[in-house]
Amino acid sequence: MSRESSSGAGVRVVDARLHLLSRQVLDVDGEPVTTVDDLELVAADARDDDAPRDAAPGEPAELGAILTGPVLVTRLLGGRPPASRWERVPWRDVGHVGTALELTVRADSLDVHWPEGWLREHVVGRIPGGRHDPEEAS
Amino acid sequence: MLTLAVALASTAGCTVASHQEPGQATAAVADAVAQAGSAVATTRLTVSLLDADRVTTPVADAAVLDQVRVLEESTTALTTLVPPDDVSSAQRDAGLAAVADATAEVVTARAWVAREAGGDLSTSGAVPLTASELEADLARAADDLDAVLALAGGA
Amino acid sequence: MKKLLGVALGILTAIGGFVDIGDLVTNAVVGSRFGLSLVWVVVVGVVGICLFASMSGRVAAVSGRATFEIIRERLGPRAAGANLAASFAINLLTLTAEVGGIALALHLASSVEPRLWIPVAALAVWLVLWRVKFEVMENVAGLLGLLLVGFGVALFLLGPDWGELVRQAVPPSPPATEHVATYWYYAVALFGAAMTPYEVFFFSSGAVEEGWTAKDLAQNRVNVLVGFPLGGLLSVAIAACAAVVLLPAGIEVSSLSQIVLPVAQAGGTLLLAVVIVGIVAATFGAALETALSSGYTLAQYLGWSWGKFRRPARAARFHLTMVVALLLAVGILMTSVDPVTVTEMSVVFSAVALPLTYVPILLVANDPEYMGEHVNGRVTNALGMVYLVIVVVAAVAAIPLMIATGAGS
């Protein structure tokens, strides 16, 4: 469970399992980026996102990042991928939690976007018409 | 799970055809003969429609070709059957003979369709000249199948 | 006026898009073996798909979330992953059947072997997915699919004994020659053909593709509630044609060429040509929808960027999924498996998979967080519960019936 202060009176309680996990993540333009496969908890006093410190029991902890990619496999089958292979979206980029999580940045600027970007540059974008806008008259 | 189910379903289909009990063998003969009867009936309908210029030759050819495949299936069902007693053995033999006859007539019908379509079979002697001759042959094959079907207790 | 035209277009597309290879084959097989004694299943199936499609369309329009995003969110990664594996496999089976159906129909039109048509058909499907605007794709396939109305015309030209047809249908009187288990096996198959799960993936994702909002709900409801029942009438006409011509002749349908013979008998080569074009369009439209559904399900589960309204490069993984699905379908067909057999399998497994998509939609349609004021009404929920039972019973019964009847033989 984590708490997210909402404007006006009181506090909106966000249930991690109900409102965060497995929700769609959209970028600032509304383009789907990923699904929330797992969440990373970090120690509350280390706000430096480049070197997050693991949350320790008994100390205040907070949500560091949304995790995706290989963690889905380990969530299904058990185990844990090495930290170097985590695909992270920093929590500070999340702007709104609704039926989807809306980011405040563009998908292209995120590290987790690389498989889409790679396929775009090397496969799909190279096929004739791959960059054609279907909504325009052809 | 899906593959398992498919595998189970297909093996279940196989056991019906080669089951050892007399009643089951008779039912398998009836099934195969009924299937052949459907093929001959389809061919008759196709021939009469083509004769009346109500069907295009590609459709007629495809329809008859599909029936050749159905007859092949009936033949396989009968040849792979192991009849457990004399009664079902006789039924199986009668069925095989009738299906073989039906296959010959349907194959002839296909040649006739090809000739109607302007194929190069016009001089081939074994092909009946008119649709009515062909239909009579097919009707005879259908009657033979019906007789076996009555023998095997199918409707 | 323009609005009225839009409504008319939506309805016509829904009618033309209702029938696919599964409906075509299953209805003709059932008509030739059981007459009209299974028409009640088509009625049950049509009411079900109306309920189900309008619900998933409403969820997508109001929340902006398509079906598989919701399935993942509700069931979690594990159960939704199992659901995805099953749904994707069955959808692939349906796609295979549809591509095979296009090839068979083109074979009837040209006498060129179906195996040569399979790659051509798949390539054409891909080109449309790659290039053509979503609305154009939908409308053209739907309107050409309307030519299947030729089956209805054929039925009238055949001038059947209507009283006899009604007697077969109400009360349902299966022919004495068929086994009870076989009757129920085909009942489940017909139900699966009417309510194929891909229609729901497609309908909800299509609502997102076309940018529906709560304002479009009325149009959605009209499309579904008028279009699908009329599409269901087309299914019944196909069954009735088979019941009038093929059943008395002792013909059991096992191929597409037999399905069109009653049309040829009634209307000659002209009507035959019309119906063949209709079959090509209907199977082509359904191939597009199932190919898209394979991309929709996988992309929505994994949160990838998806949608035909985006440039292919902006939904690269989605487009690649569809290409792979099409290649797999071609691969399966090239083993020279009979597309009609694939179709019969696909409708039965569709019935098995129905609860997987139905239950999450029913749950979310009642969730105020997603739906706000548009949550299910009391009548919808009552009907929803009835169908929950029907769908589960059909799913549980499907495989035992398939084994017991040797797949209806």
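**Chain C and its partners**

Modeller: Happy to. Let me start at the boundary with chain B, where the contact draws 29 residues from chain C and 26 residues from chain B. Please keep in mind throughout that this is a predicted model. On the chain C side, the elements that supply two or more residues are helix 4 (67–110), helix 12 (256–259), helix 13 (261–302) and helix 17 (378–405). Helix 13 of chain C provides the largest share of that side, six residues. By class, the side of chain C that touches chain B has 14 nonpolar, 14 polar and one charged residues.

Now to the other partner. Two pairs of chains touch, and the pair with the most contacts is A and C. There, 30 residues of chain A meet 30 residues of chain C. From chain A, two or more residues each come from strand 3 (24–26), strand 4 (32–35), helix 2 (70–77) and helix 3 (114–122). The side of chain A that touches chain C divides into eleven nonpolar, ten polar and nine charged residues. Chains A and B, by contrast, share no contact, and their closest C-alpha atoms are 18 Å apart.

With the neighbours placed, let us go inside chain C. Its secondary structure consists of 17 helices and zero strands. The radius of gyration of chain C is 20 Å, close to the 22 Å that the globule rule gives for 409 residues, so chain C is as compact as a globular protein of that length. Its C-alpha trace spans about 55 × 50 × 45 Å along the principal axes. Of the 409 residues, 63% count as buried. Taking the contacts in chain C between residues at least 6 apart in sequence, 87% join residues at least 24 apart.

In one, helix 5 (residues 114–131) of chain C packs on helix 14 (residues 316–334) of chain C at an angle of about 170°, with the axes 10 Å apart. Helix 5 of chain C contributes C:Ile118, C:Pro119, C:Ala122, C:Val125, C:Trp126 and C:Leu129, while helix 14 of chain C brings C:Met322, C:Val323, C:Leu326, C:Ala329, C:Val330, C:Leu333 and C:Met334. By class, this contact has 13 nonpolar residues, with no polar and no charged ones.

In the other pair, helix 3 (residues 39–63) of chain C and helix 10 (residues 197–209) of chain C have axes that come within 8 Å and cross at roughly 30°. That makes helix 3 of chain C roughly parallel to helix 10 of chain C. The crossing of helix 3 and helix 10 of chain C is right-handed. From helix 3 of chain C, the residues in the contact are C:Ile49, C:Phe52, C:Ala53, C:Ser56, C:Gly57, C:Val59, C:Ala60 and C:Ala61, and from helix 10 of chain C they are C:Glu199, C:Val200, C:Phe203, C:Ser204, C:Ala207 and C:Val208. By class, ten of the residues in the contact of helix 3 with helix 10 of chain C are nonpolar, three polar and one charged.

Terms used
Residues are numbered from 1 along each chain as its sequence is written. Chains are lettered from A and ligands numbered from 1 in the order in which they are written. This is a predicted model: local features need pLDDT of at least 70, side-chain atom pairs count only at pLDDT 80 or more; totals for chains, interfaces and linings use all residues. Two residues are in contact if their C-beta atoms, placed from the backbone, lie within 7 Å. Axes are lines fitted to C-alpha atoms, for helices over the stretch in contact, and angles run from 0 to 180 degrees between N-to-C directions. Helices (H or I, at least four residues) and strands (E, at least two) are DSSP runs, numbered from the N terminus. Ala, Val, Leu, Ile, Met, Phe, Trp, Tyr, Cys and Pro count as nonpolar, Asp, Glu, Lys and Arg as charged, and the others, Gly among them, as polar. Angles under 35 degrees count as roughly parallel, over 145 as roughly antiparallel, 65 to 115 as roughly perpendicular and the rest as oblique. A crossing is left-handed if the near helix is turned anticlockwise from the far one by less than a right angle, and right-handed if clockwise. The radius of gyration is taken over C-alpha atoms; the globule rule is 2.2 Å times the number of residues to the power 0.38. A residue is buried if 20 or more other C-beta atoms lie within 10 Å of its own, exposed if 12 or fewer, and partly exposed in between; C-beta atoms are placed from the backbone.
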